[in-house]
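User: I'm new to this one and would like to be walked through it. Could we take it piece by piece?

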Amino acid sequence: MTDARMLPVPDGLDGLRLDVALSRLFGLSRTAAAGLIDDGAVTLDGTSPGRSEKVRGGSWLEISIPEPVDLAAAPPRAVDGLTILHSDDDLVVIDKPVGVAAHPSIGWDGPTVTQGLAAMGIRLSTSGAAERQGIVHRLDAGTTGVMVVARSERAYTALKRAFKERTVEKLYSALVQGHPDPSSGTIDAPIDRHPSSDWKFAVVAGGRPSVTHYETVQAYRAASLLDVRLETGRTHQIRVHMAALRHPCCGDTVYGADPVLSRRLGLDRQWLHARSLSFEHPGTGQRLTVVSPFPADLQHALDVLESQD
């Protein structure tokens with residue numbers, strides 16, 4: 001079912017990109033708005049526009065918006081490779097495999113952490129949006145590693161506050177192309193959506209403040225293994241910041257990684273792993289640190305580099 005609407009473009013949106021205007025007018029994400037434009041569900045003065053076309057106040061807009069999907073109704077679904085690293089009455093810490101999203105979302109039909117935990121019989125906090133209950137932070141579907149999910153309401157509140165106040169220590173391991181110079185440093189550069197590609201992000205003037213600290217752990221001939229600590233938690237932050245330094249994560253062809261090197265290392269996704277989380281347990285008050293080993297595909301890439309040095 002779709003909701004067809006016809007209306008003039010409000011004067012207050014004059015001069016904006018069409019995808020931005022639709023996002024503001026109908027409360028859509030820019031990705032969803034761009035998808036409707038690309039699917040031909042939008043016309044402007046009777047013509048099919050591009051997502052970057054500028055709108056003019058008074059132009060006649062026609063749009064067909066799909067009826068909302070009940071994401072909360074996503075059924076339990078067993079997730080291969082989803083491992084419990086720690087569990088108690090307040091929270092569960094998992095080792096998230098590749099190809100798994102944190103929670104159901106529009107356009108994602110793959111497995112999710114929330115569905116996988118439900119299939120294990122693990123009940124989560126009811127706080128948060130229905131499809132994201134218990135989720136206090138996220139990892140990209142293509143990023144593996146440690147992720148904490150709230151089971152109790154007090155844990156949800158405490159963990160959300162801890163992530164917001166940046167008291168959670170997040171350590172990532174990243175294999176990047178080449179050798180960053182200096183070998184250790186801080187990247188302080190704002191991030192926002194890419195100006196011409198809504199599906200990725202970039203360092204953009206006026207973007208959201210983003211700070212990444214990195215340290216070289218091992219230098220190989222073609223790449224460097226880094227320890228990365230985040231002060232902020234922007235979408236794709238490590239991938240964007242390393243690409244901005246011209247040292248993208250190996251395998252990350254979306255952000256400029258060399259496809260030849262990616263194939264040589266056997267990578268079909270970014271070499272990026274959430275290595276550990278450390279935070280104050282909301283129930284005991286004690287510091288809890290949980291560590292995840294490298295998954296097989298990432299370890300294989302390191303083994304290839306070791307054998308060729």
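**A buried serine and its surroundings**

Analyst: Let me begin with Ser292, which, once residues up to four places away in sequence are set aside, touches Leu85, Asp95, Gly145, Val146, His273, Ala274 and Arg275. Please keep in mind throughout that this is a predicted model.

User: Where does Ser292 sit in the chain?

Analyst: Ser292 is placed in the loop between β14 (287-291) and α7 (296-308).

User: And is Ser292 buried or exposed?

Analyst: Ser292 has a relative accessible area of 1%, and because anything under 20% counts as buried, Ser292 is classed as buried.

User: How far is Ser292 from Leu61?

Analyst: Going from C-alpha to C-alpha, Ser292 and Leu61 are 50 Å apart in space, and in sequence they are 231 residues apart.

User: Changing topic, what can you tell me about the largest nonpolar core?

Analyst: The largest nonpolar core has 28 residues, and the ones with the most contacts inside it are Leu117, Met147, Val149, Tyr172, Val228 and Ile238. At least two residues of this core come from each of β5 (91-96), α3 (113-119), β6 (144-150), β7 (169-177), β12 (223-230), α5 (237-244) and β13 (272-280).

User: Which residues is Met147 in contact with?

Analyst: Leaving aside neighbours within four places in sequence, Met147 is in contact with Val92, Val93, Ile94 and Lys96, with Ala102 and Val113, with Ile135, His137, Arg138 and Leu139, and with Leu277.

User: You mentioned α5, so how many of its residues are buried?

Analyst: Six of the eight residues of α5 are buried, and α5 is therefore largely enclosed by the rest of the structure. The buried residues in α5 are Gln237, Ile238, Arg239, Val240, His241 and Met242.

User: Where is Arg166, the residue with a positive phi of about 65°?

Analyst: Arg166, which is not a glycine either, is found in the loop between α4 (153-164) and β7. Its relative accessible area is 48%, and Arg166 is partly exposed.

User: Back to α3 for a moment: is Thr114 buried or exposed?

Analyst: Thr114 lies in helix α3 and, at 14% relative accessibility, counts as buried. Apart from neighbours within four places in sequence, Thr114 is in contact with Ala102, His103, Pro104, Leu124, Glu131, Gln133 and Ile135.

User: And which residues does Ser127 touch?

Analyst: Ser127 lies in the loop between α3 and β6, and, not counting residues up to four places away in sequence, it touches Arg132, Gln133, Gly134, Glu153 and Tyr156. From Pro259, Ser127 is 42 Å apart in space, C-alpha to C-alpha, and 132 residues apart in sequence.

User: Now Thr83, please: where is its place?

Analyst: Thr83 has its place in strand β4 (residues 83-87), where it is partly exposed, with a relative accessible area of 38%. Leaving aside neighbours within four places in sequence, Thr83 is in contact with Val93, Ile94 and Asp95. Thr83 and Arg51 are 41 Å apart in space, C-alpha to C-alpha, although they are 32 residues apart in sequence.

User: How do helices α1 and α2 cross?

Analyst: The axes of helix α1 (residues 18-26) and helix α2 (residues 30-38) come within 8 Å and cross at roughly 120°, and the two helices are therefore oblique to each other. Their crossing is right-handed. Leu18, Asp19, Val20, Leu22 and Ser23 of α1 make this contact together with Arg30, Ala33, Ala34 and Ile37 of α2. By class, six of the residues in the contact of α1 with α2 are nonpolar, one is polar and two are charged.

User: One last thing, which peptide bond is cis?

Analyst: The bond from Asp181 to Pro182 is cis, with omega near 10°, and Pro182 lies in the loop between β7 and β8 (184-188).

Key
Residues numbered from 1 in each chain as written. Predicted model: local features only at pLDDT ≥ 70, side-chain atom pairs only at ≥ 80, totals over all residues. Heavy atoms only, no water. Axes fitted to C-alpha atoms, helices over the stretch in contact; angles between N-to-C directions. Helix = DSSP H or I, 4+ residues; strand = E, 2+ residues; numbered from the N terminus. Parallel < 35°, antiparallel > 145°, perpendicular 65-115°, else oblique. Left-handed = near helix turned anticlockwise from the far one by under 90°. Contact = heavy atoms within 4.5 Å. Nonpolar A, V, L, I, M, F, W, Y, C, P; charged D, E, K, R; others polar. Core = buried A, V, L, I, M, F, W, Y, C linked by side-chain atoms within 4.5 Å. Buried < 20%, exposed > 50% of the residue type's maximum accessible area, 1.4 Å probe, protein only.
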